[in-house]
Amino acid sequence: MIEGIDITHILIVSTCMFFIGVYGFLVRRNLITILMATELILNAVSINFVVLNKFIYPDVLQGYMFSVFIIAIAAAEAAVAIAIIINVYRRYRTINVENVHDMKY
Amino acid sequence: MSFESLLLMRHELVLLLAIVLLLIAEIGTNDSQKSIISPLAIILFALHTIVGFLPLQEGSLFGGMFNTTNIVATMKNILNLGVLIILLQSWKWLNATENRVKVSEFYIVLFSTLLGMFYMISAGDFLMFYIGLEIATIPLAALAAFNRHENKSAEAGIKLLLSSALSSGILLYGISMIYGTTGSIYFAEISQSFKGFEPIQVMAMIFFFSGMAFKISLVPFHLWTADVYEGAPVSITSYLSVISKGAAAFVFMIILFTVFKLFTPVWQDMMTAIAILTMTIGNLFALRQNNLKRYLAFSSIAQAGFILLGIISGTATGMATVVYFILIYIFSNLSAFGVVSIISAYTGKDSISDLNGMYKTNPKLSLALTLALFSLAGIPPVAGFFGKFFLFTAAAEKDFYILVLIALLNTIVSLYYYLMPVKAMFINKSESPIAYFKTDKISQLGLAISIIGMVVIGFASPVYEKILSFCFGI
Amino acid sequence: MDFTYTLAIIGLPFITFLILGLLHNKLSHKLAGIIGSSSLGISFILSCITAYFYFFKYGKIDGAYQKIEAFNITWLQLTDQLHIDMGILLDPISVMMLMVVTTVSLMVHIYSTGYMHGETGFNRFFAFLSLFSFSMLGLVVATNLFQMYIFWELVGVSSFLLIGYYYEKPSAVAASKKAFITTRFADLGFLIGILLLSFYTGTFDFFELTKTNGHELAMTMPAGTSFLGLSIVSWALILIFMGGAGKSAMFPLHIWLPDAMEGPTPVSALIHAATMVVAGVYLVARLFPVYVLEAPDALTVVMWVGAFSALFAAIIACTQFDIKRVLAFSTMSQIGYMMLALGVSHYGDHEGLGFMASMFHLTTHAMFKALLFLGAGSIIHAVHSNSMLDMGGLKKYMPITFITFGIAWLAICGFPGLSGFFSKDEILAAAYHHNKVVFYIAVLVAGLTAFYMSRLFFSIFFGKTQHYHHTPHESPASMTIPLIILAIFATFAGYIPFHDLITSDGRPFEAHIDWAIAIPVTLLAFGGMALAFAFYFKPSTMPDKIAASLKGVYTTIYRKFYIDEVYLFVTQKILFNIVSQSIAWFDRHIIDATMDGFATVTNYASESIKELQSGQIQKYGFVFISGVFVFAFILIYVFVY
Amino acid sequence: MDILSLFVVVPILTMIGILFTKDLKGARMVSAIGMGIQLLMSFNLLFQYIAERKAGNTAEMVFTKSYVWFQSFNIHYDIGVDGIAVAMIMLTSIVVFAGVFSSWMTKELPREFFISLILLSSGVFGFFISLDMFTMFLFYELAVIPMYLLIGLWGSGNKEYSAMKLTLMLMGGSALLILGLLGIYFHSAPDGGQLTFNILEISKITIPHDTQMFFFPFLFVGFGVLGALFPFHTWSPDGHASAPTAVSMLHAGVLMKLGGYGCFRVAMFLLPDAAQEMGWLFLILTTVSVVYGAFGAIWQKDLKYINAYSSVSHCGLVIFALLMMNKTSMDGAILQMISHGLMTALFFALIGMIYGRTHTRNIFEMGGLMKVIPFISVVYVIAGLASLGLPGLSGFVAEMTIFVGSFQHADTFHRVCTILAASAIVITAVYILRVVGILLFGPVKNPEFNHLEDATWFEKVSMITLVVSIVIIGFAPLWLSEIIRDSLTPIVERLALAGN
């Protein structure tokens, strides 16, 4: 534990990460970047779990376990996502999200 | 905890076994022997379904992470039935030459998602729930992109995956807030720790709500639905629209009833608004569709709005009606998708205008589709009528009369568009209607099961009574 | 005495109707004629027997004729009190009417076998005649108001069918429609009247309604005034009279009668001269005790309507050229006379002279007017035209017709010794004692009647002989025999002692010719005849000159005071074009459009939100996130703060 | 199998029988036999019912049977009939029988046509025998929905639009109904007992006043839509105009009666307080219906439109009379349902026959038909006379019972409404005679019509069945009226109790 840095600061950081992630999801045009933005959201959540576990409920390890699984699942998700993005690139010759809208209305 | 108590996970274990066997078969066969995969998968799954119906004890595992109750088992069985029908219906499409090589992938990935759903339904804490949810979602994106050579399929895959990543991120954030305020991720403990309407907890619940609403495709969290449904292969679309949605609705209901008991007024209000939005917007969009899959997508959004009518009451009756409705909905929607998939597998056509004059050439398929649409619209004597009527009853029991009225008005709109394909098939004239074709036996069987289910279940009151006996309210 | 057999009087024509109606393709014309006439003949004989038994054997108890219920069954139970019965009521007026109806009907049946000979619809015609006879007889013997209303409608429809007998002729169709609808409108009044009356009295039954204790009605009627200062009973009876006025072609509901002459002439004789059109008079007579004892105001209305119609029709009759129309207006005028007579009557003994006179005139009029019509039919049969301008000098061609028609003419003009003279005199006497204005109107009408009937008579049989395509010839025996028989009746009907038989309270009273009135009126009638003689016996230009000098007035009269045009305006322009058309428009363009509007709005809404589903995953995400936060803010605000 | 369930079973068997036929000939034969049996059964039911009453059975409903269906909702398959239901069943079987013969020559997809037709009728039969509101509603919907295909597929003119409009409006009505039914259901056990859908059981309790006031409009309008209550009647002209003959017959003749029947059997019987308090509002609407429909009919050119508007007027009278809430007027209402059912079915049958020959329904393109097709024309005149209330035909009996009954109402407002409604009989005469005059009388307008053939034997069967029924009721109404009156007693008493 670092002096002068308490749970509030860390939670602010994670909240910021969450919103940066959301923002990134909404405005970035590159599919990969969007994927990264979602990773940011997940990481924010991971930080939350870890910090909450550490600072408030240090007796049991639920938060830690949760963040471990989040990381694992995020990896799986990224794998599938990259695979699909590659497929998108093959079909559309671009990974600009604005161009991927064959289906609408 | 004895070893036998693992039998509480019987559904999951048998399914896992099936997946492993399929994997072995995939490895152990060469290209010419791949044709045994499909029969094997279907037989394995049929066995799994039958095993599922065997009597089961209630109990929990892993310190409450995994629960098995009668209602949970019933839900799983219902999902099993649905998946079995889907497997039969996808037979023709899967055996097309371009899909030969990835048949076993289809089955393995599909079964995995089902496995995820089972865990999700049985979950006793948020971690298990989350893992189940992701297992159920991520492979589905891969399945949606199954047709590698189609733009739409790829687009569907990426849309599903990114949207679900966003939604699960938000859901997780909600869970982390709950964890932060209660110190637990176990359902039983959380519900005990809630004391009043803490803003952060309300917020957390809404985050959770939105994540689940995404899965059930409730407005305004539904926007991915239509695009994904349209782009994905028909079998996957039907899987998404009934199984994935049904499982999500089950677990959503269970968690609302157990964990968020205290917040009942909050989520009831939210649900009222969302139900109205969902039904209305789903219907309004469905009105203008010509692509059958997209049309059924919006129809399924509207149906999700109706499902909320049962959940909102928060009673055992409500839960029973929801389970019963989803059972009926699975049969009805699969009948509709069955016909659509047969048509698209044999002729490659998938728009409503292609159906013009079809009754003259393919009367049986037309009748099947008509019955299915009538059931979706809630018209007797098919089961949809009973399902909907009971949902309304459940909502009215808690005096949600205004909501019921709006839902009823929505049924009128929905009737309009459900009659459109009927009109196309029976009334419209066409220069070149879909020519007569003979459907293969497996597809016929799949369709027949769903139609029989759709017709019979409404009249079979014991089914409902049995479900009700397992259900619980707040 | 058991009068149940009287059922046969009514039943026979009905059975005939069924036989002829169902088998009309199968029966030969001759057989149909025989069946129709003979069944009516039997009815006639039974009526005679009934009349004999009733008047001379069993009808009178304690010096007064009683109402006898020969037969009665409940046909429909409405409320605990109200029920519609079907039955046969015998009392002086109903027995009298039985006689009149069967006599005229029999004559017309026989006559028609000749007149309608060779028509394709011969069997249909006889079926309808039987239907009419059945309905009319049922009306006459009705034991209660509702039975009367039922048969009232049935005579209406038989009249409709018979007027429209020549259904290929548009004018006949129009006339039948007009007749039916006009009387239907009047019947609405009748119906409402019945509803009102039965609501307050709790019965339809004539026995109960008209039962009297001395000069008081046995039944207590609601007292007090309701609307426009008249009592409820008065209103009810005025409305009932409206029905009567419609059927009897009283002003202003008379418009259908002249047009009804489009029907075959025997029909005009039977329905539109002798029987159906007097149903209104009969209705008032039937309820006479109620009118006179409880609702004198209503009776005053009857009187004025009658008097005005009599005058009004007589004036128009002077200008018409169609012989049947002249006769039609004459009928209207004479029925006005009868109404007038009822209106001036009081109750009991000599006070009830008007009632007796009215019934008397009804009988005599039936005879001579039927005769006139049948005679006219005979003429038309010979000349193939209705217009008196096409006729003249027929005396030599058609002697029997001439003589019988002449008798009828004299009878209607009130020639002393013939039937019309007696009945008219009684009416005038009754009017004289009641209301002088009405009396003078009646006298004037008597003069006018003599004039226009003579005009008719002279222009047909004398005047200029026309060139006829076929030489007119006398009609066959089947037509002339009824003429002769009716002529006999028309001559001698005046000698029936009505004051002994048919009086307002059933008790006979003394009546005699009031010479002080009879002589001047007769002289006036002679004056009218003389004037007509001067104008029409020889071809003369006088009438045209007079008509020309009174141009506006003449045209107005000739156009029947433009009443038809007024009706046409109200129905065609206002009801049909304005009300009906606008309702049809309103229904399509407002109500229906509103329903369609729901669909349009839905579609529009559907169209306008389609941008929501833009296909852009980031927009989806945006909606998702906004949804989450909007809900979060609202719900936290609502539930936490 | 009990005597009542057979009424649903026989149509189902008939439908199955039709499935095994190959063409029109077989299909119509099976239908005719099935519906003939149905007709005989309904006669049998009538006699049995009378015998049962004679034997002293004074129960509200007879031949009752009850099987539990959905235990937890307390939904039963409850059947039973009283005099009114028996009368309506009679009506239905007569009209369906005639309808089968009217569609004897259906060329396009005959098997499907007859199956849909009979499906519709089985819904109607089921509706009339039901005592449980759930099953009643189920049969109601079952009767309504085949209309879509029947009109859309075998109809004419702007059929798709009409079919859709009709279906959506009727379904709109049934949407309101569901709400009303649920409202009643959840207040059917005020003491905390078992909730029920059973009409007889609910009629024994009193639903709280406010609840009644809230749900009554839903139920009444819901049924009223099918009863062509102004302003929810607009599906009727279009729907009837586009529907094939037999469907118009069944729809106007029977299906519209479901509305009136439901109005009193469910809405008024179960919610009597509200019926008493809100009756005036609907009374105004129905009075408007009666007069408005009649006026609307005057201006029409199309035979079917005329009859459709006439139906609006006549069916308005049914609900009008029901709202008067005394025994006589309600008796009249039922009689009017039967009478209108028969004569409007006859009308539509005739219009179908005329249209089949002349290929037009515009009255101005026809004329003088009496000369060329006398049988049909004469029957048309009879139907017209029945419609305008000629004594001796059924219309008169019904109308007069209604007017006399309504006029017995103690309230002046109701009596004024009665007079207004009664004035429609004149307007009815106008439009009926107008049509008869233009269509049947006058010279033959179109020379091609000179070669038209008169009615064939199956058309005659259809016509005669209906005419005979009309005449029998018109001549001897007492027996029917008494059967109905006795059965009305509980309803009227309950309404009267609420009025005090």
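Start just after helix 8 of chain B and pick B:S217, which takes a positive phi of about 55°. Helices here are DSSP runs of H or I with at least four residues, strands are E runs of at least two, and both are numbered from the N terminus. Before going on, some housekeeping: this is a predicted model, in which local features need pLDDT of at least 70, side-chain atom pairs count only at pLDDT 80 or more, and totals for chains, interfaces and linings use all residues. Residues are numbered from 1 along each chain as its sequence is written, while chains are lettered from A and ligands numbered from 1 in the order in which they are written.

**Around helix 8 of chain B**

Select residues 199–216 of chain B to get helix 8 itself: 18 residues, reaching 25 Å from first C-alpha to last. That is close to the 26 Å expected at 1.5 Å a residue, where the expected span is 1.5 Å times one less than the number of residues. Is helix 8 of chain B mostly covered or mostly uncovered? Mostly covered, with 16 of its 18 residues buried. Buried means that 20 or more other C-beta atoms lie within 10 Å of the residue's own; exposed means 12 or fewer, partly exposed is in between, and the C-beta atoms are placed from the backbone.

Now step along to B:P220, in the loop between helix 8 and helix 9 (224–231) of chain B. For background, most residues other than glycine have a negative phi, and most peptide bonds are trans.

Zoom out to the whole of chain B, and you have 19 helices and two strands. Its radius of gyration (over C-alpha atoms) is 21 Å, close to the 23 Å that the globule rule (2.2 Å times the number of residues to the power 0.38) gives for 474 residues, so chain B is as compact as a globular protein of that length. The C-alpha trace of chain B spans about 65 × 55 × 45 Å along its principal axes, and 68% of its 474 residues are buried.

**Over to chain C**

There is another loop to visit, between helix 8 (232–247) and helix 9 (256–259) of chain C, and C:P252 is in it. A cis peptide bond joins C:F251 to C:P252, with omega about 5°. C:A249 lies in the loop between helix 8 and helix 9 of chain C too, and its phi is near 55°, a positive value in a residue other than glycine. C:A249 is buried, with 30 other C-beta atoms within 10 Å.

Next, select residues 68–77 and 83–90 of chain C: strand 3 and strand 4, paired in the antiparallel sense over eight bridges. Strands pair if DSSP finds at least two bridges between them. These two strands of chain C form a hairpin with five residues between them, and C:I68 stands opposite C:L90.

Chain C as a whole has 25 helices and eight strands. Its C-alpha trace spans about 115 × 65 × 55 Å along the principal axes, and 58% of its 641 residues count as buried.

**A stop in chain D**

Pick D:N74, in the loop between strand 1 (62–70) and strand 2 (75–81) of chain D. D:N74 has a positive phi of about 60° although it is not a glycine. Buried or exposed? D:N74 is buried, with 20 other C-beta atoms within 10 Å.

**Where chains meet**

Which two chains share the most contacts? Of the five pairs of chains in contact, it is C and D; a contact means C-beta atoms, placed from the backbone, within 7 Å. Color 40 residues from chain D and 36 residues from chain C to see that contact. On the side of chain D that touches chain C, 25 residues are nonpolar, 13 polar and two charged. Nonpolar covers Ala, Val, Leu, Ile, Met, Phe, Trp, Tyr, Cys and Pro, charged covers Asp, Glu, Lys and Arg, and polar takes the others, Gly among them.

Chain A and chain D, by contrast, have no contact: their closest C-alpha atoms lie 25 Å apart.

**Last stop: the core**

The largest nonpolar core has 701 residues, and those with the most contacts inside it include C:L340 and D:L346. Such a core is a set of buried Ala, Val, Leu, Ile, Met, Phe, Trp, Tyr and Cys residues joined through C-beta atoms within 7 Å. Helix 13 (residues 316–347) of chain B gives the most to this core, 20 residues. Finish by selecting C:L340, which touches, among others, C:M303, C:I427 and C:A442.

Notes:
Lists of a residue's contacts leave out its neighbours within four places in sequence.
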